[in-house]
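The sequence and structure come first, then the notes.

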Amino acid sequence: MLPEADAATLAEAAGQALAGAGIGPGHVGYLEAHAGGTAAQDAAELAGLARVYPAGSRAVALGSAKAQVGDAQAASAMAGLLRAVLCLHHGYLPGVPGWRRPDPDLAGHFADSAFHVPDASRPWLRGGNDERRYAAVSVIGSDGAHGHVVLSAEHTRGDLVASDWRRAGAPVLLALGAADVDGLLAEVAGHQELLERGADPYRLARAAAERLPGSALRVVLVGRDARQLGEQLELATRHLADAYARGEEWTTPAGSCFAPRPIGPQGKVALVYPGAFNSYPGLGQDLFRAFPSLLTRFEAEATDPDRMFRAAQLYPRSQEALDRRALMALEGELGEDVPFMLATGTTFAILYTDLVRELLGVPAHGAFGYSLGESSMLFATGGWLRSARRDDRISATELFRDRLTGPRRTVRELWDLPEDTPDAAVWGSFVLLESADRITGALARYDRVFLTHVNTPTEAVVAGDPAQCRALIEELGCPSARSPVGSVMHCPVVDGELAGLAELNDHPTGSTGGLELLSAYDYDTVGTLDRAEVARRIAHTLRGTIDFPRLVRTAHDRGFRYFVEVGPGATCTRWVRDTLGDAEHVAVAVDRRGVPAARSVAQLAARLTAHGLPVDLAGLLGPDPVARKARPALLRVPVGGGASIPAGVAARAAAAPAAVSAPAARTAPAPASAAVDVKDARPAPGAAVPLEVTDPMPADPTLDDAEVITFDGEPIAFLPWTPEPRQPQQPGGRAARWSRARPPVRRPPSPPCPPLRPHPPPSSLPVPRRPHLPPRPGRRAAPGRRAPRGPAAPPPRTWCTSCAGRWSPPTRW
């Protein structure tokens, strides 16, 4: 008889499973753990898994569905298996909400393993574009059985759909159009009434998008759901007429937009590529949920997607969650990592360009970039072949290791600085809120200070000897701040490195498809895509001052009215607005730090559509949701402390002979107290054992397929390792056994939370957010209903895991 858990047996099962799949532990990207919740089981499981997945790369993400939903009895392993399958399907690793660090008793096992614990869901990139994704599921049975299952997938959801807007929980975009403002107000009122009568917001939005072409005036309402959409319609009813009379654009924090003086489709669209130093930790974390086809495209074009995406740096793989201080330190390190910044800047320039042009259907007429953004522009628009990207050359060159960054040996040699000069005293960059003309007038008195960037008419960057830079700032008396980016660029100091810079920008050229590309080389169009000439121009641009306002005005003079920033952050968008002021234009960004990707894209699409630019809103919203006939649940799994599923199945199996002659009768599950010998129960030959124990349950109408498995009751977590009840746990239930966090603090009760949203993303399973009590002895919740509530205290050694937000993080996992 095996003990509760045995490390050697589990390790043997895992080794055999990997061997049977023909892979090694380094191929597995996600491991779904059993996470039983007892000290013996958790220690044995982690010790056994660490033998098979030893420390090294920290490349295996660790999680557990059972740990987050509580004890679902025999369905726990199935929940973990399904989550692993969904992770493979969506190309996402699930997060562990509330994770801080391993419990001290388990920290040694974690240190010996290849595991990291994501605190939030993140993209799962393949190691090679010809490799499959592999996940593993660890199982420990109550009878001592130990198992390990290896799953793999070659394709993801991006092979099936281009956009997954609704499934990603993205907002609805209701675009209404009319010939005049009175007609527009009538449209608003009509859709208000339809919503109040229960119309589906997505169906309304799709129908409206198909009627939109040709409308002179447009308003686009953005809302998460029917309620918020109704609020936006009410705001439009009150404010559109006044906005039209004043001729001022009307917007709301939700992203709704009305343009009383639309620019129209005749204005040209410029794609704007920011500089290389805008990437940040967590960039693009939720992008592929709304646009799964972008993940598929990137992996098809990259020889080693995970490395080229820089996933390990964007989403750190650690066994402890990073606090604010650690995140700030990480961002500082990444800011000095030029290869990382160049690689991620180009990657997201390509992704966002494809999103805007192909998924949103926005017509682009030209493009320009800020500093190293010109390189991103060439890759994203086809000027350089995407297949020719060589990020490894950037990582290998001395230019970005110690010549122009780090110790900055180019500067030390040119200025003959003592070898012991601290790096911080060699070179510094400072942002000044001052005009370029005034700065230029003062520079003649400083031989080691250079005007490197002009961002707006009242903002510029100087760089050089830090002491001289500070003296210049003191003379000008202007507000300033030291820039976190200190690479040596855009000044004559780099003249000795021009050949190396040209070599790094020497790539096979392609075709831009007629796009009008502008360059800071001469503030004119790029006339030729000759390979050597393009490399020379890029290198020369990197030794001269970047005058971004001049570039923006050049584009505006050529008829460009829409400026869409396609790269990390939204700095160029602000600079375009500051430069053009009241001149006719629209400046928007795909990415805004701290804003979910879908929300940022929704606001971009709303503004462009309101101004009359063609945007494929119908394609973005997805196919028209068709109501399907509800089907009954095939299996209802009690998770709230009810009867044992195996015992119930055995009891019904024992009664199966009677069921043959009377098939209409259904047998209820055996009471929890009933003694049933499972091993002796066998169904009669040919007899069907009914698993459905309740009346038909309506299916979720928002899903393509009706639900066939439902969970009945409130999940509870058992803590048999403690003699007395502990403080209630954070949702994560059994997952808390592996974690150490703040001491628990009881919070005052909160008002009831709204119902759970249907069909959650695969990164987490739904956990009710209101504390409930298990049934009182002798009572069982009716099928399809929650357990009764009342003043009775929960039985010893059980605690509800559904009180999210009411309790502090758990003390153990």
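## The largest cavity

Helix α14 gives the most to the lining of the largest cavity, with 5 residues. Helices here are DSSP runs of H or I with at least four residues, strands are E runs of at least two, and both are numbered from the N terminus. The model is predicted: local features need pLDDT of at least 70, side-chain atom pairs count only at pLDDT 80 or more, and totals for chains, interfaces and linings use all residues. Residues are numbered from 1 along each chain as its sequence is written, and side-chain values use heavy atoms, with hydrogens and water left out.

The largest cavity has a volume of about 270 Å³. Its lining holds 24 residues, and the closest to the centre are L342, T346, S375, I394 and N505. At least two lining residues each come from α14 (338–359), α15 (373–381), α16 (391–396) and α21 (498–504). By class, the lining divides into 13 nonpolar, 7 polar and 4 charged residues. Nonpolar covers Ala, Val, Leu, Ile, Met, Phe, Trp, Tyr, Cys and Pro; charged covers Asp, Glu, Lys and Arg; the others, Gly among them, are polar.

A search of the whole structure finds 4 cavities of 30 Å³ or more. A cavity is a set of points on a 1 Å grid over the protein atoms alone, where a 1.4 Å probe fits but cannot get out; lining residues have an atom within 4 Å of a point. Grid points are joined across faces, edges and corners, and the volume is the space filled by probe spheres set on the points.

## Overall make-up

The protein has 28 helices and 28 strands. Of its 813 residues, 53% count as buried, meaning under 20% relative accessible area with a 1.4 Å probe and protein chains only.

Now the contacts, meaning heavy atoms within 4.5 Å. Among those between residues at least 6 apart in sequence, 78% join residues at least 24 apart.

E45 sits in helix α2 (residues 39–52). D42 lies in helix α2 too. Why does E45 count as buried? Its relative accessibility is 0%, so E45 counts as buried. D42 also counts as buried because its relative accessibility is 0%.

What do the side chains reach? That of E45 reaches the backbone nitrogen of A35 at 3.0 Å. That of D42 reaches the backbone nitrogen of G37 at 3.3 Å. D42 and A5 are 37 residues apart in sequence, yet their C-alpha atoms are 8.4 Å apart in space.

## Two arginines with positive phi

Most residues other than glycine have a negative phi. R310 has a positive phi of about 60°. It is placed in the loop between α11 (305–309) and α12 (311–314). R310 is buried, with a relative accessible area of 9%.

R408 also has a positive phi, near 55°. This residue is found in the loop between α17 (399–403) and α18 (409–415). R408 is buried, at 7% relative accessible area.

## V150 in strand β8

V150 is placed in strand β8 (residues 146–153). Which residues does V150 touch, not counting those up to four places away in sequence? They are A17, L18, A21, I23, Y134, A135 and A136. V150 and S138 are 12 residues apart in sequence and 9.1 Å apart in space, C-alpha to C-alpha.

Key: On a 1 Å grid over the protein atoms alone, a cavity is a set of points where a 1.4 Å probe fits but cannot get out, and a pocket is an open set with protein on both sides within 12 Å along at least five of seven lines; lining residues have an atom within 4 Å of a point. Buried means under 20% relative accessible area, exposed over 50%, partly exposed in between (1.4 Å probe, protein chains only). A polar contact is a pair of N or O atoms within 3.5 Å; within protein, one must be able to donate a hydrogen and the other to accept it, and residues adjacent in sequence count only if both atoms are side-chain atoms.
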